[in-house]
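Here is a short briefing to read alongside your model. Keep the 3D view open and follow along, topic by topic.

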Amino acid sequence: MQNTLTIRLFVAIVMTSLLSGCGVLAVGGVAAGASVMADRRPPAVQAIDKGISLEVENALDKKFGDSAHINVSSFNQKVLLTGEVKDAGIKEQAGAYAKANKNVRSVFNELVVGPISTYTARANDSYLESKIKTQMIFTDKLPSNSMVIVAEGSSVYLMGILTQNEAEIAKKVASNTSGVKDVYAYFDIISEAEKARLEKQGKADESQPNSAPKQ
């Protein structure tokens with residue numbers, strides 16, 4: 001049992017690191033281009049989201065310690081709180097703290113009042129996330145790198161910038177993954193025209209030099 005858990009955790013870590021890239025991925029002659037893989041958030045918003053996640057999660061960890069296990073996910077300045085807390089008061093305080101952040105647009109407080117999860121349970125969550133990410137990345141025309149996928153037990157939470165059609169596909173992929181019971185989606189839905197604009201902008205950003213040209 002321990003060996004199986006170790007293997008699953010290793011696979012989850014490897015898959016997560018592999019899937020975080022935005023380059024071209026080719027398997028069996030099928031390539032996923034950068035226009036599909038790219039994050040649709042502007043670079044500035046990506047940086048803001050990272051700052052929100054780090055700031056809020058570190059603050060809540062210091063504030064509640066062993067009384068809570070709180071994961072903070074931020075996408076397009078929308079914050080998702082998942083995990084477990086020992087009482088409803090902590091859940092309410094955590095949500096209020098996240099909402100008070102000046103860069104946060106909205107908060108989805110999915111914290112569960114109950115026993116704090118074990119490391120084994122968290123490893124299983126990571127493994128489930130990796131399975132879903134793998135399915136997403138090999139699903140045709142689904143922008144997997146423009147989504148956040150969070151698993152807590154048998155529940156899966158999805159955030160991202162997608163068209164209505166993409167959103168339906170993403171929810172179906174997550175729902176059909178073994179081990180998933182419930183899927184909750186908090187997408188920013190965009191039109192096909194907006195999708196085209198964002199992808200065009202993303203290509204333009206990629207073409208810009210990373211440093212100033214030599215004189």
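Predicted model: local features only at pLDDT ≥ 70, side-chain atom pairs only at ≥ 80, totals over all residues.

Helices (H or I, at least four residues) and strands (E, at least two) are DSSP runs, numbered from the N terminus. Residues are numbered from 1 along each chain as its sequence is written, and side-chain values use heavy atoms, with hydrogens and water left out.

**The protein overall**

- The protein has 7 helices and 9 strands.
- Of its 215 residues, 40% are buried; buried means under 20% relative accessible area, exposed over 50%, and partly exposed in between (1.4 Å probe, protein chains only).
- Taking contacts between residues at least 6 apart in sequence, 68% join residues at least 24 apart; contact here means heavy atoms within 4.5 Å.

**The sheet E7-E8-E9**

- Strands of a sheet pair through backbone hydrogen bonds, either parallel or antiparallel.
- Here 3 strands make an open sheet, ordered E7-E8-E9, with mixed pairing; two strands pair if DSSP finds at least two bridges between them.
- Strand E7 (147-152) and strand E9 (182-190) are at the edges with a single partner strand each, so one side of each has no neighbour in the sheet.
- From one strand to the next, the twist averages 10°.
- Strand E8 (residues 155-163) pairs with E9 in the parallel sense, over 9 bridges.

- Helix H5 lies across E7 and E8 and runs at about 145° to E7; axes are lines fitted to C-alpha atoms, for helices over the stretch in contact, and angles run from 0 to 180 degrees between N-to-C directions.
- H6 also packs on the sheet, where it touches E7, E8 and E9, and its direction makes about 160° with that of E8.

**Helix pair H5 and H6**

- Two packed helices are described by the angle between their axes and the distance between the axes.
- For H5 (residues 119-137) and H6 (residues 164-175), the axes come within 9 Å and cross at roughly 135°.
- The two helices are therefore oblique to each other; angles under 35 degrees count as roughly parallel, over 145 as roughly antiparallel, 65 to 115 as roughly perpendicular and the rest as oblique.
- H5 passes H6 in a right-handed crossing; a crossing is left-handed if the near helix is turned anticlockwise from the far one by less than a right angle, and right-handed if clockwise.
- H5 brings Ile132, Gln135 and Met136 to this contact, and H6 brings Ala170, Val173 and Ala174.
- By class, the contact has 5 nonpolar, 1 polar and no charged residues; Ala, Val, Leu, Ile, Met, Phe, Trp, Tyr, Cys and Pro count as nonpolar, Asp, Glu, Lys and Arg as charged, and the others, Gly among them, as polar.

**Helix pair H3 and H4**

- The axes of H3 (residues 43-64) and H4 (residues 88-100) come within 10 Å, crossing at roughly 145°.
- The crossing of H3 with H4 is right-handed.
- On the H3 side, the contact uses Glu55, Val56, Ala59, Leu60, Lys63 and Phe64, and on the H4 side Ile90, Gln93, Ala94, Tyr97 and Ala98.
- Sorted by class, this contact has 8 nonpolar, 1 polar and 2 charged residues.

**Two serines to look up**

- Ser155 counts as buried, at 12% relative accessibility.
- Beyond its neighbours within four places in sequence, Ser155 is in contact with Val150, Asp182 and Tyr184.
- Ser155 and Ser175 are 20 residues apart in sequence, and 9.6 Å apart in space from C-alpha to C-alpha.
- Ser73 sits in strand E3 (residues 68-75) and is buried, with a relative accessible area of 12%.
- Not counting residues up to four places away in sequence, Ser73 touches Ser53, Lys78, Val79, Leu80, Val148, Val150 and Met159.

**Positive phi in two loops**

- Asn76, in the loop between E3 and strand E4 (78-85), has a positive phi near 55° without being a glycine.
- Asn76 is buried, with a relative accessible area of 16%.
- Lys141, in the loop between H5 and E7, is not a glycine but has a positive phi of about 60°.
- Lys141 counts as exposed, at 59% relative accessibility.
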